[in-house]
Amino acid sequence: MSSAISDVRKAVGKVRGGVHVLHHKNTAECEIVRVPTPDQVVIPMQMHIGAPCAPVVNVGDSVSVGQLIGDTTAFVSAPIHASVSGTVKAVGETQLANGVVTRAVTIESDGQMRLYEGLRPPQVTNKAELLAAVRASGLVGLGGAGFPTHVKLSFKDGAIDTLVVNAAECEPYITVDYRECVENSWDVLSGIKILKELLDIKHVVIAIEKNKPQAIRILNDIARQEDPGKDEITVMQLNSVYPQGAEKVMIYSATGRKVPPGKLPSDVGCLVMNVASVAFIARYLKTGKPLVSRSLTVDGSAICTPQNLRVPIGMNVGEIIDFCGGFKATPHKIITGGPMMGLAVISTDIPVIKQNNAILAFSAKDSLKKETDCISCGRCAAACPMSLRPSLISRIAKLGDAEKLKSVGADVCMECGSCAFSCPAGKPLVQHMRLAKSIIREAAKKNG
């Protein structure tokens, strides 16, 4: 083992529960390829947690890459920009992978990908200017959650002492964060330095699973060059256990701190950011180009040519699959995101949104799981990183008892899917957990 790898720290805390999944990192050595400009994109106005944006363009308007096309005055939201240059063809509605129908702007591309003339690198010298710049960039969490990044960074001064950069990528198949570390490592470190300085954060931990030795070596080498002897930026090697990349799990692994139920990472002095989000901030401050494209993995047993791609926001999922050669087998299940926490879709006629990090398609033999009766084996409880009893919560959810669901901690569930993965009866426990949480939310609304 090289000295660069031997310098890497190991996890402080050990994940409770979790599962050992087959990682299937088939595209790990596939460099990210930029797809040709599509004929049109459909850009939803709801691509983030929080308030949807309203279109600020009209049919017939000429737009350029990076031009603002959707915005709102709501704090928990993120502006939306044109991902191709061309003409606004329609301002209507579209359906997302989760079934939500939202307003959308359809742009017919002129094939030129002209950059908006008003794009300029923002002047950022303090926290307030950084928050304004991050909001203007349209950045949301690129790891899947889609939480507006400027909101996450709006913590009280002195509340955070540790930034944890999430490069774990523990979901099977997905490899774009790994490629970000390998291909854009200096952007990662540049983003870290910016956040560390402007947010006055003392320590940074780049947390990555140990099954990615090349990325670990590259990140550790440049961290030592940029932070010689200071020990303020460290690379931490985590065990390859799912859901190692979950925010609260990662905080415990990296720092030994536990985030209490109902509390936020900032309550224990931590900020967790996806590695691609950190790298994007560095690029945006250099170029002024907002979030108009993203990298994603296309893989699965039904995909002809699995690969990593850079695609414009709003590109049609079906067209992306066609770029990868289409299907080599009849797809029985198509998922946006990873197989553990992603969303199964009934159609590929949907647009890519900011937080999509993968498109997976599986044949019947890799996706069918027959459901049988629960045998009360307790495997779901043993696998749960939050120490819940999923089978019990499932039974209570069917009764619709909100108070009982809250008393057994259903609202703490992170929907990681470890319970369903470990269930020999093939129970859709994640869906049951989501139902339980929705019952609690509905009861809270009724009670004021």
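Phe280 and Tyr284 are both buried, where buried means under 20% relative accessible area with a 1.4 Å probe and protein chains only. They belong to a predicted model, in which local features need pLDDT of at least 70, side-chain atom pairs count only at pLDDT 80 or more, and totals for chains, interfaces and linings use all residues. Residues are numbered from 1 along each chain as its sequence is written, and side-chain values use heavy atoms, leaving out hydrogens and water.

**Aromatic pairs**
- Searching the whole structure gives 2 aromatic pairs; rings of Phe, Tyr and Trp (its six-membered ring) pair if their centres lie within 6.5 Å, with planes under 30 degrees apart called stacked, over 60 edge-to-face and the rest tilted.
- The rings of Tyr173 and Phe362 have centres 5.2 Å apart and planes at 70°, so this pair is edge-to-face.
- Tyr173 sits in the loop between β10 (162–166) and α4 (176–183) and Phe362 in strand β18 (residues 358–362), so the pair ties together parts 189 residues apart in sequence. Helices (H or I, at least four residues) and strands (E, at least two) are DSSP runs, numbered from the N terminus.
- Tyr173 and Phe362 are buried.
- The ring centres of Phe280 and Tyr284 are 6.1 Å apart with planes at 20°, so that pair is stacked.
- Helix α8 (residues 275–287) holds both Phe280 and Tyr284, 4 residues apart, about one turn of the helix.

**Confidence**
- The average pLDDT of the chain is 93, and 98% of the residues score at least 70; pLDDT is the predictor's confidence in each residue, from 0 to 100.

Notes:
Buried means under 20% relative accessible area, exposed over 50%, partly exposed in between (1.4 Å probe, protein chains only).
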